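Hi,

Here is the structure I promised to pass along. Have it open while you read, and my notes follow below.

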Amino acid sequence: MHLALRLAERGRGLTSPNPMVGAVLVRQGRVVGQGFHHRFGRAHAEVEAIRAAGKTARGSVMYVTMEPCCFQGKTPPCTEAIIQAGIRRVTAATLDPNPRVRGRGMRRLSQAGIDASVGLLGLEAGQLNEAYFTYHRKGRPFMMLKVAVTLDGMLATKDGESRWITGKEARHKAMELRCQADAVLVGVNTVLNDDPLLTCRAVRGKKLFRVVLDSKLRIPLDSRLLGAKGPVLLFTANESRAKARKLEQKGAIVVKVARNRKGLLRWDRILRELYTRQILSVLIEGGALVASSAFEKGIVDKVYAFHAPKVLGPGKSLSFGMKPRRLGQAFVLERVRHTVLGSDVLTEGYVARRKKG
């Protein structure tokens with residue numbers, strides 16, 4: 001199962017809205033076939049492993065990181081391929097949370113006389129596909145926040161300048177994180193200040209949604225991201241259909257959402273729209289107001305904070321626009337890991353959820 005998990009990891013960033021899955025076939029103590037889900041629309045891991053094993057698949061044991069699918073999608077159901085191959089036992093790390101499966105795959109295998117069990121390395125498999133599980137269990141994307149800050153906690157200068165706070169190694173890692181997500185999200189001020197492409201330049205053929213929160217539709221028509229390949233999703237509260245039509249002619253998708261009492265776009269409406277578009281994971285990249293409002297709303301699941309050995313002085317910090325709070329009310333990260341990247345340090349962790357009451 002450890003091998004199957006390592007195989008599944010190789011599909012990171014390319015399988016959505018499917019999960020990353022790896023499968024290994026063993027017969028008489030020897031690995032006879034292995035495979036993983038390479039890309040959405042391609043053969044699933046189970047089928048890849050069966051093809052690799054050929055005739056030796058009959059009578060073998062399959063270790064797979066997630067319950068085999070049991071419905072016709074882009075590809076035929078894996079359960080039927082397993083039954084036809086004559087596999088005698090299937091051990092899955094975890095059930096599939098997708099309502100179209102959710103235990104039905106394992107029941108189908110059992111009904112066909114195959115010994116089917118679940119739970120081996122289930123925690124590891126769940127973390128591997130944390131975005132997929134969040135999407136199907138909570139009905140929203142898995143939300144990640146990436147920030148680059150100075151030692152005094154600044155994301156940018158007072159004027160919004162932020163290029164570059166960190167060094168090359170940290171920026172390379174940040175690009176990897178972007179390419180692993182389904183969508184990258186920024187506020188319009190980031191577009192106005194930096195004119196970024198927001199593309200994935202590390203993985204060829206990667207479909208990455210570029211999402212911009214732009215309540216007043218201030219985004220310039222000649223913005224570089226509008227000219228680059230890939231879908232652009234603009235959330236706005238602006239009533240101007242004339243500007244919206246011009247942006248749509250540029251290929252952008254303009255979605256109108258309501259504001260909250262602070263005048264900011266409502267995160268619940270944004271997440272609902274992203275969910276309906278089968279976006280499993282979102283990497284929030286900026287700026288300060290977007291990051292702080294996401295924290296205040298409590299929608300951030302995981303944080304990637306790059307710390308640079310620099311002191312900037314007064315500027316825009318991660319707490320920009322947040323209400324003051326006592327130390328006991330601080331947002332806390334758990335399962336924290338630190339990585340040194342050149343002269344910078346990456347801190348990553350999950351936002352601890354406070355217990356009500």
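Predicted model: local features only at pLDDT ≥ 70, side-chain atom pairs only at ≥ 80, totals over all residues.

Nine strands make an open sheet with mixed pairing, in the order 11-10-9-8-12-6-13-16-15. Strand 11 (252-256) and strand 15 are the edges, each pairing on one side only. On average, neighbouring strands in this sheet are turned by 20° against each other, ignoring direction. As a reminder, strands of a sheet pair through backbone hydrogen bonds, and they can do that either parallel or antiparallel.

Both kinds of pairing turn up around strand 13 (302-307). On one side, strand 6 (142-149) runs parallel to strand 13, and 6 bridges join them. Strand 13 is mostly covered, with 5 of its 6 residues buried.

Elsewhere in the sheet, strand 8 (residues 183-187) and strand 12 (residues 281-286) pair in the parallel sense over 4 bridges. There, Ala183 stands opposite Val282 of strand 12.

Two helices lie across these strands. Helix 7 (residues 168-180) lies across strands 6, 8, 12, 13, 15 and 16, and runs at about 160° to strand 13. Helix 11 (residues 267-276) lies across strands 6, 8, 9, 10, 11 and 12, running at about 155° to strand 10.

There's a pocket to look at as well. The second largest pocket has a volume of about 670 Å³. Its lining has 31 residues, and Arg12, Gln127, Leu128, Glu130 and Lys302 are the ones that lie nearest its centre. Helix 5 (122-128), helix 6 (130-138), strand 6, helix 7, strand 13, strand 15 and strand 16 each supply at least two residues of that lining.

- The peptide bond from Ser16 to Pro17 is cis, with omega near 10°. Pro17 is found in the loop between helix 1 (2-9) and strand 1 (22-27).
- Gln28 has a positive phi of about 55° although it is not a glycine. Gln28 lies in the loop between strand 1 and strand 2 (30-36), and it counts as exposed because its relative accessible area is 78%.
- Arg335 is another residue other than glycine with a positive phi, near 50°. Arg335 is placed in strand 15 (residues 333-341), and its relative accessibility of 55% makes it exposed.

Ser292 lies in helix 12 (residues 288-297). Is Ser292 buried or exposed? At 2% relative accessibility, Ser292 counts as buried. Its side chain reaches the backbone oxygen of Leu289 at 3.1 Å. Leaving aside neighbours within four places in sequence, Ser292 is in contact with Leu318, Ser319, Phe320 and Met322.

The other spot is Gly105 in helix 4 (residues 104-111). Gly105 has 0% relative accessibility, so it counts as buried. With neighbours within four places in sequence left out, its contacts are Glu67, Pro68, Cys70 and Thr79. For a sense of distance, Gly105 and Leu265 are 160 residues apart in sequence and 40 Å apart in space, C-alpha to C-alpha.

That's what I have for now. Happy to go through any of it with you.

Cheers

Key: Residues numbered from 1 in each chain as written. Heavy atoms only, no water. Buried < 20%, exposed > 50% of the residue type's maximum accessible area, 1.4 Å probe, protein only. Polar contact = N/O pair within 3.5 Å; in protein donor to acceptor, adjacent residues only side chain to side chain. Contact = heavy atoms within 4.5 Å. Pairing = 2+ DSSP bridges. Axes fitted to C-alpha atoms, helices over the stretch in contact; angles between N-to-C directions. 1 Å grid on protein atoms, 1.4 Å probe; cavity = no way out; pocket = protein on both sides within 12 Å on 5 of 7 lines; lining within 4 Å. Points joined across faces, edges and corners; volume = space filled by probe spheres on them.
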